[in-house]
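Look at the structure below with its sequence beside it.

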Amino acid sequence: MSDVRAVSARSASATKVTTGKLFVLELGDGRIYSMAADGSGRKTVVTGCRHPDGIALDLRAGHIYWTNMGVPSVNDGSIERCNLDGSDRKVIVPEGDTFTPKQLHLDRENGKLYWCDREGMRVMRASLDGSQVETLVDTSMGDPRPGPDARKWCVGITIDPVHRQIYWTQKGPDNAELGRIFRANIEIPRDESPASRSDIEVFFDRLPEPIDLELDPEHRVLYWTDRGDPPRGNTVNRAAIDAKPDAPEIVLTHLMEGIGLALDVPRYRMFVTDLAGSVYAANLDGSGKRDLLFGQGNLTGIAYVEIPRL
């Protein structure tokens, strides 16, 4: 998350000693785990989540935010928040306001949460307290919700804070090579609607099945997971966003349906989850890949933060 990386950069240059910590979502058991950056010391922070998928951390306020996908046909997705230790848990975006919320992005400086709504076929945002829920992009083209066409399903999201743009994935059917990454300005153009925006650009198309996104804003590089079939799927990919290459660079392979992604740019490393239950660490160029955990259920979202030691 961009806010977390900014906090990490400040922490890395400060005199305070910090401890890197990961927060990971487990889909089947509906839990949030925390652990050290080497995978040790795992403990359960939150239980009873309803198919959690996206996670974002606000170190300044001491909050965890996460999405609950729920059951798409029931329109019962939600977004919750709690303290870093799991206390003071509350629903901030209630059932009925979003169908299937997926990856979540925190824009702390502007007080906004952004997420993709898969079967809702929307890119959405709200204030940090869950108020002012709004749709920024509507990909339904008139289809009923929950949407039947996976080409219109919005999944991963991140923000370019420099150019004030959003990036999101539309994964397409399983392993169909119809996945796409889009970008657009954050704000809807004047006199246009979420369903009729003229500023949407296809960043990449014909991808196996792109899922979560993360941006390195300092070096202007976009990273994403892809859970499609090899050789281009089950990978982590990256591409410069200002001088876009003809094809993305595959930096990590041999995932088992890769989902979650978190960057620690100051320490030149990434953390990745997959649905087979593994947490991986690797350098940003994909070298030095190592398993931190494996066989831990169906893992989805992951976030990294540097916490000052007392």
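Arg145 counts as partly exposed because its relative accessibility is 31%; the classes are buried (under 20% relative accessible area), exposed (over 50%) and partly exposed (in between), with a 1.4 Å probe and protein chains only. This is a predicted model, in which local features need pLDDT of at least 70 and side-chain atom pairs count only at pLDDT 80 or more, while totals for chains, interfaces and linings use all residues. Residues are numbered from 1 along each chain as its sequence is written, and side-chain values use heavy atoms, with hydrogens and water left out.

**Salt bridges**

- The whole structure contains 26 salt bridges, each being a side-chain nitrogen of Lys or Arg within 4 Å of a carboxyl oxygen of Asp or Glu.
- Arg50 is joined to Asp76 by a salt bridge, with the closest N and O atoms 2.7 Å apart. Arg50 lies in the loop between strands S3 (43–46) and S4 (52–58), and Asp76 in the loop between strands S5 (63–68) and S6 (78–83), so the pair ties together parts that are 26 residues apart in sequence. Strands (E, at least two residues) are DSSP runs, numbered from the N terminus.
- Arg50 is partly exposed at 33% relative accessibility, whereas Asp76 is buried at 6%.
- Arg145 forms a salt bridge with Asp138, where the closest N and O atoms are 2.9 Å apart. Asp138 is buried, with 18% relative accessibility.
- Glu249 and Arg238 form a salt bridge whose closest N and O atoms are 2.9 Å apart. The pair links distant parts of the chain, with Glu249 in strand S19 (residues 249–252) and Arg238 in strand S18 (residues 235–240), eleven residues apart.
- Glu249 is partly exposed at 41% relative accessibility, and Arg238 is buried at 18%.
- Lys171, Asp174, Glu209, Arg227 and Glu257 belong to one network, joined by salt bridges that share partners.

**Aromatic rings**

- There are five aromatic pairs in the structure. Rings of Phe, Tyr and Trp (its six-membered ring) pair if their centres lie within 6.5 Å; planes under 30 degrees apart are stacked, over 60 edge-to-face and the rest tilted.
- Trp168 and Phe182 make a stacked pair, 5.5 Å centre to centre with 15° between the planes. This pair links distant parts of the chain: Trp168 is in strand S13 (residues 165–170) and Phe182 in strand S14 (residues 179–185), 14 residues apart. Both Trp168 and Phe182 are buried.
- Phe204 and Trp224 have ring centres 5.9 Å apart and planes at 40°, so the pair is tilted. Phe204 is buried at 6% relative accessibility, and Trp224 is buried at 0%.
- Tyr167, Phe203, Phe204 and Trp224 are linked into a cluster by ring pairs.
- The charged end of Lys244 sits over the ring of Phe204, 4.2 Å from its centre; this requires NZ of Lys or CZ of Arg within 6 Å of the ring centre and within 35 degrees of the ring normal.

**Arg183**

- Arg183 is in strand S14 and counts as buried at 11% relative accessibility.
- Residues that Arg183 touches, leaving aside those up to four places away in sequence, include Trp168, Phe203 and Ile241; contact means heavy atoms within 4.5 Å.

**Strands S1 and S24**

- Eight bridges join strand S1 (residues 18–26) to S24, and the two run antiparallel.
- Val24 has Ile302 as its bridge partner in S24.
- Eight of the ten residues of S24 (residues 299–308) are buried.

Conventions:
Helix = DSSP H or I, 4+ residues; strand = E, 2+ residues; numbered from the N terminus. Pairing = 2+ DSSP bridges.
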